[in-house]
Each structure stands twice: as structure tokens, then as C-alpha cells.
Amino acid sequence: MMKYYFILNPNARTGKGQKIWKDKLLPALRASRRPWKVFYTHFPGHCTQIVEQLTRPGGSPVTIVILGGDGTLNEAVNGIKDFSRVSLGYIPLGSSNDFSRGMEQKGADPAQTLHNILRKKHEVWLDYGVVKAPGTKEQRFIVSSGIGFDAYVTDDALHSPIKNVLNAFHLGKLTYAVISLKQLFRIRLQKASIIVDGKTMDFKRFYFASSHNLPYEGGGFKFTPKASPCDGKLDICVIYNFFKGIIPVLLPTAFLGIHPIFHGVKILRGKDIHVSLERPYPVHTDGETYRPQTDIHIWCEAGKIHFIY
């Protein structure tokens, strides 16, 4: 019988992930009589290290179930060495949960999700994206990757006490909106050139370009309403040529996915994307930020991840 490996981020949802594991998931798992083992993550990048060890080429097939947020899931995807022998499950315990929202897992009972995974109720082969900047390692993403304003906001959210305060009042999804207003008046706009599958487009007063495998980002912003993780392509949301005073009006419409009604919103779709800037902007992959870049290459790897849920 295939062994199940669970990787738990004990700090997920400000520590509540640990309680959900002990109170709901552990009893159900013991009752299932399936062979399993749990690993706890203790530092950033730890999940990647664990998955690398579990998925080395030449080993037996494994099922890995991630218990945490989008960041922990991202680490897992970046750690997979041999996709051909890995089945991946996910029980969302984070605060943003943009992956589970896009996969329509949002709000599902963790014990029921575990039940579905053990019985392979749903199986699908998912795409993932890859980001590469000159002189850097490739970084995979399962939800989205952005350069510019959204990465500024993401980086601020990672280090801001605002997120923990809002989470305490069950308002974590407002973190992105609150910090967006703060960062809006700091960003220096510039020109950008974006190439999608060989077609070049230039943009003035560029805010950001966000490449999506799934529709949501930032705790519920539906930046690319039609993005699918199974079509072999990425959807790209480009925000440009707005006066800053209009952005607070634009952001609420992005929660509903109706922001493309504005002339300064462009939704593109393709397999291969290049973004070139005059000055460095920060970059994020699934909410994890990296040093600012002027040039990034993004592409889609189609149907690589065997996902069960």
C-alpha cells in the first residue's frame, strides 16, 4: 500500500494549523489505517528540502500531502525532483488560500478534504509556471508570479504586523487591500515591454504584470478570471497607464473579476512571457518575494503535477 507523507507548517493560520492537525486530521488519519508519516517544517525552505528527499529519481511512488498555506505549497512544488512518481494533495490551512480558492477547495472541511485525498475522489494533472531572471535560479509557481506593484505589496505583507492583526479578527483577506494603498504612493512608475509567445507590447505608466496559473492572488483578488491550471498556458494581468488616484477604485473591482472593463487593464494569455523594464521592480512567486529585477522570463510547464483532492 502506498505510503502517505504529510508535511505540516505548524505556523499556518497564525498557529491554528497545528490545532486543526491534532483535533481533526490526526484522529481521522489513524482511523483510516493507511501507512503515513508526518514532517513538520521549522524554517523557510524546509518543505522544499523534505520534498527533495522524498522525490529523488529511482524511488517508489509517493503521495505527499501539504498542510499549510500557498507559500508551503509553493515550496513543495519547487522541491519535486521526479514528477512521474509523485501524487500531490493539499489541505489548505493558510490565511490567503488563493490556490484552494482557484481549485474550489476554499471553505472545505479539512477532515473531508483528507477523506477525499485518501480515496482519490478527484484527480487532475496541473500545469505550473516557472520564473527565471538573469543570474538567478529558476523558481516554480503554482498560483501566480508578478513583477512590480503586486510584488511590493506582497513583500510588505510578509513583514507587516497588519496581517497578524487582521487574521486575529478573521479579516486576513483585507491585508492586500490595506497595504496596497500604502504602497501605491511609493511606487515609481515606468515603461515596460512584454513579449507573449513572440508578440511584443509596450506599456506606459506600468504598475505590474502578474502571470497566473489560477485566477486569484493576494487573498482573493481575481486578477485573471478565466485562468485555468490545465490548459497549458498562463494568463497575464497587466495594469498600466492609470493615475494613482484611480487605483483605489480599480482594486475593489478586481475582487469581482470585473476590472478588465478599465482601459488600463490588459489580460493576455500565452505559454512564454518576457518582461523588460527600465528600472528594477521586485518579483514574487506565490507570495514569496525576491530581489528586484529588470528582466524576467516566465513560462508554463503543462500537465506535470498529479493532483488529488
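Biologist: Which rings pair here, and how is the angle of their planes classed?
Modeller: Rings of Phe, Tyr and Trp (its six-membered ring) pair if their centres lie within 6.5 Å; planes under 30 degrees apart are stacked, over 60 edge-to-face, and the rest tilted. The model is predicted: local features need pLDDT of at least 70 and side-chain atom pairs 80 or more, whereas totals for chains, interfaces and linings use all residues. Residues are numbered from 1 along each chain as its sequence is written, and side-chain values use heavy atoms, without hydrogens and water.

Biologist: How many aromatic pairs does that rule give?
Modeller: The count is 16.

Biologist: Where do F242 and F262 lie?
Modeller: F242 is in the loop between β10 (234–240) and α9 (247–256), and F262 is in the loop between α9 and β11 (265–270), so the pair ties together parts 20 residues apart in sequence. Helices (H or I, at least four residues) and strands (E, at least two) are DSSP runs numbered from the N terminus.

Biologist: Are F242 and F262 buried or exposed?
Modeller: Both F242 and F262 are buried, that is, under 20% relative accessible area with a 1.4 Å probe, protein chains only.

Biologist: Which residues form an aromatic cluster?
Modeller: One cluster consists of F149, Y207, F208, F221, F223 and F255.

Biologist: Now helix α3: how many of its residues are buried?
Modeller: Ten of the ten residues of α3 (residues 70–79) are buried, so the helix is largely enclosed by the rest of the structure. Among them are D70, N74 and V77.

Conventions:
Buried means under 20% relative accessible area, exposed over 50%, partly exposed in between (1.4 Å probe, protein chains only).
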